[in-house]
Amino acid sequence: MDVKRTQDYLYWLFCQFELITCSYLMEPWEKVLFYTFNLAMAALLLYTAYVFVAVHVSSAFQLLWHFPGKPRENALSVVK
């Protein structure tokens, strides 16, 4: 794998990002705030997906695991 081509491609992607977001027009201190905010939002999104999607997938697997077998007891059958 050519390192120079990879660096050029990453630089090209960064330039595309700056063009799409118009951040090439910003001053350096504005870029720092903009990139910090975007990275913080991306980190929060990834953390939320990691925590909550795992919980939902786990509960879905528990539901599907008990579905084909015997029905689970509900609160009314325990009371009677």
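## Overall architecture

Along its sequence the protein follows the pattern α-α-α, and its secondary structure comes to three helices and zero strands. Helices (H or I, at least four residues) and strands (E, at least two) are DSSP runs numbered from the N terminus. This is a predicted model, in which local features need pLDDT of at least 70 and side-chain atom pairs count only at pLDDT 80 or more, while totals for chains, interfaces and linings use all residues. Residues are numbered from 1 along each chain as its sequence is written, and side-chain values use heavy atoms, with hydrogens and water left out.

Of the 80 residues in the protein, 2% are buried. Buried here means under 20% relative accessible area, exposed means over 50%, and partly exposed lies in between (1.4 Å probe, protein chains only). The protein exposes about 7700 Å², of which carbon and sulfur atoms supply 73%. Accessible areas come from the Shrake-Rupley method with a 1.4 Å probe; for residues, only the protein chains shown count as cover.

## Salt bridges

The count comes to two salt bridges, each defined as a side-chain nitrogen of Lys or Arg within 4 Å of a carboxyl oxygen of Asp or Glu. In one of them, Asp8 is joined to Lys4, with the closest N and O atoms 3.8 Å apart. Because Asp8 and Lys4 are four residues apart in helix H1 (residues 3–21), about one helical turn separates them. Asp8 is partly exposed at 41% relative accessibility, whereas Lys4 is exposed at 52%.

Glu18 forms a salt bridge with Lys31, and the closest N and O atoms are 3.1 Å apart. This pair links distant parts of the chain, as Glu18 belongs to helix H1 and Lys31 to helix H2 (residues 28–66), 13 residues apart. Glu18 is buried, with a relative accessible area of 11%.

## Aromatic pairs and the surface patch

There are four aromatic pairs. Rings of Phe, Tyr and Trp (its six-membered ring) pair if their centres lie within 6.5 Å; planes under 30 degrees apart count as stacked, over 60 as edge-to-face and the rest as tilted. Tyr9 and Trp12 form a stacked pair, at 5.9 Å centre to centre and with 25° between the planes. These two residues, Tyr9 and Trp12, are three residues apart in helix H1 and so are separated by about one helical turn. Phe14, Phe17, Phe34 and Tyr35 form one aromatic cluster.

Tyr9 and Trp12 also belong, together with Leu10 and Leu13, to a nonpolar surface patch with about 430 Å² of accessible area. Patches are made of residues with over 30% relative accessible area and no salt bridge: like charges are joined within 9 Å, nonpolar side chains (Val, Leu, Ile, Met, Phe, Trp, Tyr) within 5 Å. Leu13, located in helix H1, is partly exposed with a relative accessible area of 35%.

## The loop between H1 and H2

Cys22 lies in the loop between H1 and H2. Its phi is near 60°, a positive value in a residue other than glycine. Cys22 is partly exposed, with a relative accessible area of 40%.

## Annotated segment

UniProt, in an unreviewed entry, lists residues 32–55 under "transmembrane region". UniProt positions are given in the numbering used here, feature names are shortened, and annotations may be inferred rather than shown by experiment. In the model, residues 32–55 are 100% helix and 0% strand, with the end C-alpha atoms 35 Å apart.
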